[in-house]
Amino acid sequence: MIRAVVIDVDDTLCLTEAACFELENEVLACIGREPMSRDVHLSTWGQPLLEAMPLRSPGIDVEAFAAAYPAVLRRYVAAGRLDVVAQENLQALDALAAAGRSLMLLTSRTEAEVEHLLAPDHALTGRLAAVYHAGNMRYGKPDARAFDELLAATGLDPHHCLYVGDSPGDAHAANGAGLRFIACMQSGVRRRADFAAHRVDAFIDTFPQMVEAVARLENPRS
């Protein structure tokens, strides 16, 4: 049985790349930097934010960016421009839970970047057993050890867990940790060929298709 479904945030649970491109360029403007191109953002998408920014804006003062980022992030969240979880995605989470599966998030985001998702009045509250992020993990994706804390805390066998994400780095981490992996292609940022070097147990075109995909992986003859 697939006992736990672990979910990535960016471009999996929420469609975020385009909004993050605008947000990060606004932060760059706040600290007097020129905007990055969309191509550069796409080519580095999936990397932890502060690791990606020197590639997105060579010569950047990362500490200045990190200091300016939270205020802009809060504005985007308050305006409904970032991290909007679609109702059909919430319904998919509920269907997975109703089938007896524990739900968790695992993301490369920092604690500040997920703080609003953990608020008592957020739609995810009560739906998730745990949230793992850069603040409470020793390792980040694509390192397979990103799942160490999760597996240690839950005592779950990796073969009873599944990770759903949108990037080859997500697949690499899940493969290395022994979890099954579902690739969510909804954002359109990736193509199936991008995952050629990794084991993908199922591809889905939209997040809600995960409910059926998980059931099929558990009972392939049904």
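Student: In what order do the strands of the open sheet run, and what is the pairing?

Tutor: The order is β3-β2-β1-β4-β5-β6, 6 strands with parallel pairing. Helices (H or I, at least four residues) and strands (E, at least two) are DSSP runs, numbered from the N terminus. This is a predicted model, where local features need pLDDT of at least 70 and side-chain atom pairs count only at pLDDT 80 or more, while totals for chains, interfaces and linings use all residues. Residues are numbered from 1 along each chain as its sequence is written, and side-chain values use heavy atoms, leaving out hydrogens and water.

Student: Which strands does helix α8 touch?

Tutor: Helix α8 (residues 168-177) packs on the sheet and touches β4 and β5. Its direction makes about 170° with that of β5. Angles here run from 0 to 180 degrees between N-to-C directions, and axes are lines fitted to C-alpha atoms, for helices over the stretch in contact. Contact means heavy atoms within 4.5 Å. Helix α9 (residues 210-218) lies across β1, β4, β5 and β6, at about 155° to β5.

Student: Why are α3 and α4 called oblique to each other?

Tutor: Their angle is about 120°, with axes 10 Å apart. Under 35 degrees counts as roughly parallel, over 145 as roughly antiparallel, 65 to 115 as roughly perpendicular, and the rest as oblique. So α3 and α4 are oblique. Their crossing is right-handed. A crossing is right-handed if the near helix is turned clockwise from the far one by less than a right angle, and left-handed if anticlockwise.

Student: What residues make the contact of α3 with α4?

Tutor: Leu49, Leu50, Met53 and Pro54 of α3 meet Val62, Phe65, Ala66 and Tyr69 of α4. They divide into 8 nonpolar, no polar and no charged. Ala, Val, Leu, Ile, Met, Phe, Trp, Tyr, Cys and Pro count as nonpolar, Asp, Glu, Lys and Arg as charged, and the others, Gly among them, as polar.

Student: What angle do α1 and α4 make?

Tutor: About 130°, with axes 9 Å apart. That makes α1 oblique to α4 as well. This crossing, too, is right-handed. The α1 side includes Glu22, Glu24 and Glu26, and the α4 side includes Arg75. The contact has 11 nonpolar, no polar and 4 charged residues.

Student: Why does His116 count as buried?

Tutor: Buried means under 20% relative accessible area, exposed over 50%, partly exposed in between (1.4 Å probe, protein chains only). His116 has 17%, so it is buried. His116 sits in the loop between α6 and β3. Leaving aside neighbours within four places in sequence, its contacts are Leu73, Val77, Asp83, Arg109 and His122.

Student: Which peptide bond is cis?

Tutor: The bond from Lys141 to Pro142, with omega near 10°. Pro142 lies in the loop between β3 and α7.

How values were computed. Pairing = 2+ DSSP bridges.
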